[in-house]
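This report goes through a protein model, from a single residue to the whole chain and then to its helices and strands. The sequence and coordinates come first.

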Amino acid sequence: MKENESAQLELFNEGGGEDRRSAAPNSFLGFVRGYEKVAILLIIFIACAIVFYSLGVEKGKRLAAVIAPANPAAPVQVVKQEKPLIYPQPQDNLATTDKQKFTIQLASFKNRSAAMKEAEVLKNKGLQPLVLSKGSFLILCVGNFSNKNNANQTLSLLKKRYQDSYVRRL
């Protein structure tokens, strides 16, 4: 019978063996199972992503309020006004029917309203804008020069605003 009692005593731990709870670390994650740790970390990650996203949206709203006026219908005020440039006018006193004509290509647009708006700005500066259609693009040109040297003079003044502009044949 004594053998039977010792077998039964092995089932009960009366301080002689190790306790399962004392073997686990004393941290919160020590009591949590492996898959539960992954779920908790995923929830924390999603919460942080939501917080950072909302902070970015708020920062974007503040920047947009500073850059754009509160009332879009209000006129934009220009702080510094540059003196207008005086462009040389093309001198076409000679008959140029048999000679080559030149123009200055400034930009190309896909949107017709943007091309016409830029042409209006150039017209207000005293230039002769010309909008040409080439495929699906609209090409904004200035002037009708009979001489390439006259076109290059005007081109040097326009290079400040239109860096990729060049003289081309009409």
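Does Asn152 count as buried, partly exposed or exposed? At 34% relative accessibility, Asn152 counts as partly exposed. Here buried means under 20% relative accessible area, exposed over 50%, and partly exposed in between (1.4 Å probe, protein chains only).

## Basis of the values

This is a predicted model, in which local features need pLDDT of at least 70 and side-chain atom pairs count only at pLDDT 80 or more, while totals for chains, interfaces and linings use all residues. Residues are numbered from 1 along each chain as its sequence is written, and side-chain values use heavy atoms, with hydrogens and water left out.

## Chain overview

The protein chain contains five helices and four strands. Helices (H or I, at least four residues) and strands (E, at least two) are DSSP runs, numbered from the N terminus. Along the sequence they follow the pattern α-α-α-β-α-β-β-α-β.

Of the 170 residues, 18% count as buried. The accessible surface of the chain comes to about 14,300 Å², and 58% of that belongs to carbon and sulfur atoms; such areas come from the Shrake-Rupley method with a 1.4 Å probe, and for residues only the protein chains shown count as cover. Among contacts (heavy atoms within 4.5 Å) between residues at least 6 apart in sequence, 66% join residues at least 24 apart.

## Strand pairing

Strand E1 (102-109) is mostly covered, with six of its eight residues buried. E1 runs antiparallel to E3 and is joined to it by six bridges. E1 also pairs with E4 in the antiparallel sense, over four bridges. Two strands pair if DSSP finds at least two bridges between them. Thr103 stands opposite Arg168 in E4.

E2 and E3 are antiparallel too, with six bridges joining them. These two strands form a hairpin with two residues between them, and Gly135 in the turn has a positive phi of about 65°. Cys141 in E3 is the bridge partner of Leu130 and also of Gln105.

## Helix H4

Helix H4 covers residues 112-124, 13 residues in total, and reaches 18 Å from its first C-alpha to its last. This is close to the 18 Å expected at 1.5 Å a residue, where the expected span is 1.5 Å times one less than the number of residues. Its buried residues are Ala115, Glu118, Ala119 and Leu122. Seen down the axis of H4, these fall within an arc of 105°, so they line one face of the helix; the arc is that of the directions from the helix axis to the C-beta atoms. The face turned away from the buried side carries the exposed residues Lys117, Lys123 and Asn124. Just after H4, Gly126 takes a positive phi of about 95°.

The buried residues of H4 pack against strands E1, E2 (129-134) and E3 (137-145). Ala119 has a relative accessible area of 8% and is buried. Leaving aside neighbours within four places in sequence, Ala119 is in contact with Pro129, Val131 and Leu140.

In H5, Asn150, Ala151, Thr154, Leu155 and Leu158 are buried. Viewed down the axis of H5, they fall within an arc of 140°, so they line one face of the helix. The buried residues of H5 pack against E1, E3 and E4. Asn152 also has its place in H5. The C-alpha atoms of Asn152 and Ile104 are separated by 8.4 Å, although these residues are 48 apart along the chain.

Ser165 lies in the loop between H5 (148-158) and E4 (166-169). With a relative accessible area of 2%, Ser165 is buried. Not counting residues up to four places away in sequence, Ser165 touches Ile104, Gln105, Leu106, Leu155, Leu158 and Lys159.

## Cysteines

How many disulfides does a search of the whole structure find? The search finds zero, a disulfide being a pair of cysteine sulfur atoms within 2.5 Å. Cys48 is partly exposed, with a relative accessible area of 37%. Cys141 is buried, with a relative accessible area of 0%.
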